[in-house]
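Keep the sequence and the model open beside you.

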Amino acid sequence: MSTNQDLDKSFLETVRFDAKGLVPAIVQDHETGKVLMMAWMNRESLEMTLEKKKACYWSRSRNKLWLKGESSGNMQDVRDIMIDCDGDTLLLKVSQKGGACHVGYHSCFYRKVNEDLSMEICDTLMFNPDEVYGKKS
């Protein structure tokens, strides 16, 4: 089964940014699971988020980094960062101050980023994709 081979890569090597250098980030309350927002991140904002443990995004309208809450005080403390099966969407689980997966897992967000930027499986494997879809070469 090939679903675990990408765990040998570091998290930053796994993220697939689009042609504009951006990746979508879904932001979810870590306690309730409620989706709070969706924002865009570039590599710099993602690295800043990893370093500070505070959510930082790329503002497309202002064409600059945007530390969530920098002017309002409504910061997002990042508790976990997860990445989807294709590496092209992030899910940020945050503590907000103020204001069926094709690789066999229950959720597409099955990889958790550890402190050392390695990844681990954090979901239940429901089926073997090689058996369901056929083995890929």
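**Exercise 1: The cysteines**

Cys-56 is buried, at 0% relative accessible area. Before going on, note that this is a predicted model, in which local features need pLDDT of at least 70, side-chain atom pairs count only at pLDDT 80 or more, and totals for chains, interfaces and linings use all residues. Residues are numbered from 1 along each chain as its sequence is written, and side-chain values use heavy atoms, with hydrogens and water left out.

Task: Is Cys-122 buried, partly exposed or exposed? How many disulfides does a search of the whole structure find?

Solution: 
- Start with the cut-offs: buried means under 20% relative accessible area, exposed over 50%, and partly exposed in between (1.4 Å probe, protein chains only).
- Cys-122 has 36% relative accessibility, so Cys-122 counts as partly exposed.
- Searching the whole structure for disulfides (pairs of cysteine sulfur atoms within 2.5 Å) gives 0.

**Exercise 2: The strand around Cys-56**

Task: Which residues of strand S3 point the same way as Cys-56, and what is the bridge partner of Ser-59 in S4?

Solution: 
- Strands are DSSP runs of E, at least two residues, numbered from the N terminus.
- In S3 (residues 56-59), Cys-56 and Trp-58 point one way, Tyr-57 and Ser-59 the other, and all are buried.
- In a regular strand the side chains alternate between the two faces of the sheet.
- Strands pair if DSSP finds at least two bridges between them; S3 and S4 (residues 64-67) run antiparallel, joined by 4 bridges.
- Ser-59 has Lys-64 as its bridge partner in S4.
- The two strands form a hairpin with 4 residues between them, and Asn-63 in the turn has a positive phi of about 55°.
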